[in-house]
Amino acid sequence: MTRIIVDGIELLAPMQWVTWHDLLGRLDAEPVSRDRAMVTAVRFDGVDEPAFRDPAVLARRLDDLAVVEVDRGTPEALVRASLNDAAASIEALAEVAGPLADRFRGANVPGANADLVEFAQGLGMLVATVQAIGLALRVDLRDLRCGGVPATEMVGDMTRHIEALIRGEQAGDWLTVADGIEYDLAPALERWQGLLDACGDLCGSAAEPVAARCAS
């Protein structure tokens, strides 16, 4: 039976949930206090799962896991932790983007191809993190803008760039992959830092849904 530990306390009741979605829904519906109002961190078998609200993660069966650990806190705590994770991800992705594009234009395509998988996964995690931040802040991503561009459009563009990378890799079109990384994704990552800044400005603001803009 899966062990479920919430805020350091193991739940002793018989298993009532089939998927992580079932358990998360129950926890979201029963906030303990203002200081522990929502799920802010999750670990599956000791491994952090920052995208715990992603559909693919929500579908995970609990009986496939030995231990599920859940921490609850304020929306602000979740946002601050998510912003830190996203900022670190942007920095790491931006740092490898240029060299990775160069490798696809060179002779070491097999090695670059292996790293492309990790690069695309990092981009996907970044998208999921921003979506989770919007949920925690109760902000409609259509109202969150950066340089006049809605966050929903930025998310859509990033998703399309990732899909283009995958198509280029599947077709063996390494020049398209290299150009996509250098000319589409690298500039997009710079704009996303501005989006994170806009989210940070909202953290701790009034609980009512708000619109926000960043300058860059």
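Colleague: Is the crossing of helix 5 and helix 6 left-handed or right-handed?

Modeller: The model is predicted, and local features need pLDDT of at least 70, side-chain atom pairs count only at pLDDT 80 or more, and totals for chains, interfaces and linings use all residues. Residues are numbered from 1 along each chain as its sequence is written, and side-chain values use heavy atoms, leaving out hydrogens and water. Helices (H or I, at least four residues) and strands (E, at least two) are DSSP runs numbered from the N terminus. A crossing is left-handed if the near helix is turned anticlockwise from the far one by less than a right angle, and right-handed if clockwise; that of helix 5 and helix 6 is left-handed.

Colleague: How is helix 5 oriented relative to helix 6, roughly parallel or roughly antiparallel?

Modeller: The two helices pack with their axes (lines fitted to C-alpha atoms over the stretch in contact) 10 Å apart. Their angle, which runs from 0 to 180 degrees between N-to-C directions, is about 160 degrees. Because angles under 35 degrees count as roughly parallel, over 145 as roughly antiparallel, 65 to 115 as roughly perpendicular and the rest as oblique, helix 5 is roughly antiparallel to helix 6.

Colleague: How many nonpolar residues does the contact of helix 5 with helix 6 hold?

Modeller: Contact means heavy atoms within 4.5 Å; the residues that meet include Met 154, His 161 and Leu 165 in helix 5 and Trp 174, Asp 184 and Trp 192 in helix 6. Of the residues in this contact, two are polar and three charged, and the nonpolar ones number 13.

Colleague: What covers the buried residues of helix 5?

Modeller: Buried means under 20% relative accessible area, exposed over 50% and partly exposed in between, with a 1.4 Å probe and protein chains only. In helix 5 the buried residues include Val 155, Met 158, Ile 162 and Leu 165. Their cover includes strand 6 (144–146), strand 7 (149–150), helix 6 (174–202) and helix 4.

Colleague: What separates the end C-alpha atoms of helix 4, in Å?

Modeller: Helix 4 (residues 109–137) has 29 residues, and the expected span is 1.5 Å times one less than that number. Therefore helix 4 should span 42 Å, and its end C-alpha atoms agree, lying apart by 42 Å.

Colleague: Does Thr 19 count as buried or exposed?

Modeller: Thr 19 lies in the loop between strand 2 (9–10) and helix 1 (20–29). Beyond its neighbours within four places in sequence, Thr 19 contacts Leu 58, Ala 59, Arg 60, Arg 61 and Leu 62. Because its relative accessibility is 17%, Thr 19 counts as buried.

Key:
Ala, Val, Leu, Ile, Met, Phe, Trp, Tyr, Cys and Pro count as nonpolar, Asp, Glu, Lys and Arg as charged, and the others, Gly among them, as polar.
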